[in-house]
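I opened this notebook to record what I looked up, entry by entry. The sequence and the coordinates come first.

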Amino acid sequence: MNEETRQGGCLCGQVRYRVPAKPVETVVCHCRNCQKQAGSAFSVVAFFPRDSLQLEGELQTFEDKGTSGQTVFRRFCGNCGSPVITDTEHAPEMGLIFIKAGTLDEVDDLVPSVHVWTERKHCWLTLAEDQVQLERE
Ligand SMILES: [Zn+2]
Ligand SMILES: [Zn+2]
């Protein structure tokens, strides 16, 4: 593996991808939809330049509606169900693609800078004080 890139994939391995080593930003989303889709308390999302994503394998798409009314394309492996990519209507013009960071092979250096939708955060969870916390988006 080239040190300029980082790899990841779904649980069963049918979907694999490569992205640059460093995400533009890493965000934790505590919104209800992310909780539901992840089956967990939150979703960790790493932002990467859209053009840099090299994807192998087939993803299925669930069209979700964000709180703002924006369509959110939640893309997952149809075989094992891992959520892998989140895309939005506005992501192409921002030049970004959003990777579910739990699918990255290496996460040791991945530290989120922002928490969004903390008004929906599970009550047992204590967040680091040096990480930005937004009640909504
Ligand atoms: Zn899979
Ligand atoms: Zn969310």
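How many salt bridges does the count come to? I get six salt bridges by the rule I used. The model is a predicted one, and I read every entry below with that in mind.

**Entry 1. Salt bridges around Asp-109**

I began with Arg-6 and Asp-109, whose side chains meet in a salt bridge at 3.1 Å, N to O. Arg-6 sits in strand 1 and Asp-109 in the loop between strand 9 and strand 10 (114-116), so this pair ties together parts that are 103 residues apart in sequence. I then checked accessibility for both residues. Arg-6 has a relative accessible area of 6% and is buried. Asp-109, at 41% relative accessibility, counts as partly exposed.

Asp-109 also forms a salt bridge with Lys-22, and there the closest N and O atoms are 3.4 Å apart. I placed Lys-22 in the loop between strand 2 and strand 3 (25-29), 87 residues from Asp-109, so I noted this as a pair that links distant parts of the chain. Lys-22 counts as exposed, because its relative accessibility is 59% and the cut-off for exposed is over 50%.

**Entry 2. Asp-64 and Arg-74**

Next I looked up the salt bridge between Asp-64 and Arg-74, where the closest N and O atoms are 2.7 Å apart. Asp-64 belongs to strand 6 (residues 59-65) and Arg-74 to strand 7 (residues 71-77), ten residues apart. Are these two residues buried or exposed? I find both Asp-64 and Arg-74 buried.

I find an open sheet of three strands in the order 1-2-5, with antiparallel pairing. Its edge strands are strand 1 (5-9) and strand 5 (54-56), each of which pairs on one side only. From one strand to the next, the twist averages 20 degrees.

I went through the pairings in turn. Strand 1 and strand 2 (residues 16-20) run antiparallel and are joined by five bridges. These two strands form a hairpin with six residues between them. In the turn I noted Gly-13, which has a positive phi of about 90 degrees. Strand 2 is joined to strand 5 by three bridges, again antiparallel.

Which residue of strand 2 stands opposite Gly-9? I read off Arg-16. On the strand 5 side, the bridge partner of Arg-16 is Glu-56.

**Entry 3. The zinc ion**

I looked up the donors of the zinc ion (ligand 2). The protein donors are Cys-29 (SG), Cys-31 (SG) and Cys-34 (SG), lying 2.1 to 2.3 Å from the ion. Their spacing in sequence is C-x1-C-x2-C.

Cys-29 is at 11% relative accessibility and counts as buried. Cys-31 has a relative accessible area of 12% and is buried. Cys-34 counts as buried at 7%.

How many disulfides does the structure hold? I find zero. I also checked Cys-123, which is in no disulfide: the nearest cysteine sulfur, that of Cys-31, is 18 Å away. A disulfide would need the two sulfur atoms within 2.5 Å. Cys-123 counts as exposed, with 75% relative accessibility.

**Entry 4. Aromatic rings**

The structure holds one aromatic pair. Its members are Phe-47 and Phe-98, with ring centres 4.7 Å apart and planes at 65 degrees, so I logged the pair as edge-to-face. The cut-off behind that label is planes over 60 degrees apart.

Where do the two residues lie? I placed Phe-47 in strand 4 (residues 43-49) and Phe-98 in strand 9 (residues 96-100), so the pair ties together parts that are 51 residues apart in sequence. Phe-47 and Phe-98 are both buried.

Methods:
Residues numbered from 1 in each chain as written. Chains lettered and ligands numbered in written order. Predicted model: local features only at pLDDT ≥ 70, side-chain atom pairs only at ≥ 80, totals over all residues. Heavy atoms only, no water. Buried < 20%, exposed > 50% of the residue type's maximum accessible area, 1.4 Å probe, protein only. Phe/Tyr/Trp six-rings, centres within 6.5 Å; stacked < 30°, edge-to-face > 60°. Helix = DSSP H or I, 4+ residues; strand = E, 2+ residues; numbered from the N terminus. Pairing = 2+ DSSP bridges. Axes fitted to C-alpha atoms, helices over the stretch in contact; angles between N-to-C directions. Donors = N, O, S within 2.8 Å, 3.2 Å for Na, K, Ca; no water. Salt bridge = Lys/Arg side-chain N within 4 Å of Asp/Glu carboxyl O.
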